[in-house]
Amino acid sequence: KESSAASDVYKRQDEKALAVMITTGIVLLFYILKMLASLGGIFGYLKYVTIFSMYLADDVIDGGMFFIWKYPVLILAGVLLYWLSMRIFEKRDLPL
């Protein structure tokens, strides 16, 4: 029984490590896409693909109204991702 508990701990650590790797990979991918988009040319269209293009601090600081349409998009993305994560979490068989 003790080895089973130990294997459960290692399994959870592996899942945590995998989650951290996936999250870091996604952020790095978006950052690389942003860098490529800043080069312009054939990569110019990539600026619309990154999550970093949705929030520009300069627009908020300047007080302009250009950024207003982006917040509903960010909120909607957050709500959808939260809903998706809750659906996945509900389907997991967690030992409590």
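**Briefing on a predicted helical chain**

Among the elements of the protein chain in this predicted model, helix α2 (residues 57-62) has the lowest mean pLDDT, 67, whereas helix α3 (residues 70-91) has the highest, 84; pLDDT is the predictor's confidence in each residue, on a scale from 0 to 100. For the protein chain as a whole the mean pLDDT is 77, and 67% of the residues reach 70 or more. Because the model is predicted, local features need pLDDT of at least 70 and side-chain atom pairs count only at pLDDT 80 or more, while totals for chains, interfaces and linings use all residues. Residues are numbered from 1 along each chain as its sequence is written, and side-chain values use heavy atoms, with hydrogens and water left out.

**Overall architecture**

- The protein chain holds three helices and zero strands, and the order of its elements from the N terminus is α-α-α; helices (H or I, at least four residues) and strands (E, at least two) are DSSP runs, numbered from the N terminus.
- Of the contacts in the protein chain with a separation of 6 or more, 9% are made by residues 24 or more positions apart, where contact means heavy atoms within 4.5 Å.

**Surface and burial**

- Of the 96 residues of the protein chain, 10% count as buried; buried means under 20% relative accessible area, exposed over 50%, and partly exposed in between (1.4 Å probe, protein chains only).
- The protein chain exposes about 8400 Å², of which carbon and sulfur atoms supply 71%; accessible areas come from the Shrake-Rupley method with a 1.4 Å probe, and for residues only the protein chains shown count as cover.
- L18, M21, I22 and I26 form a nonpolar patch on the surface, with about 390 Å² of accessible area together; patches are made of residues with over 30% relative accessible area and no salt bridge, like charges being joined within 9 Å and nonpolar side chains (Val, Leu, Ile, Met, Phe, Trp, Tyr) within 5 Å.
- A salt bridge is a side-chain nitrogen of Lys or Arg within 4 Å of a carboxyl oxygen of Asp or Glu.
- M21 is found in helix α1 (residues 2-39) and is exposed, because its relative accessible area is 57%.

- A37, in helix α1, counts as buried because its relative accessibility is 12%.
- Leaving aside residues up to four places away in sequence, A37 touches F43, G44, L46 and K47; the C-alpha atoms of A37 and K47, 10 residues apart along the chain, are separated by 5.1 Å.
- L36 also lies in helix α1 and is partly exposed, with a relative accessible area of 28%.
- With residues up to four places away in sequence not counted, L36 touches F43 and L46, and the C-alpha atoms of L36 and L46, 10 residues apart along the chain, are separated by 7.3 Å.
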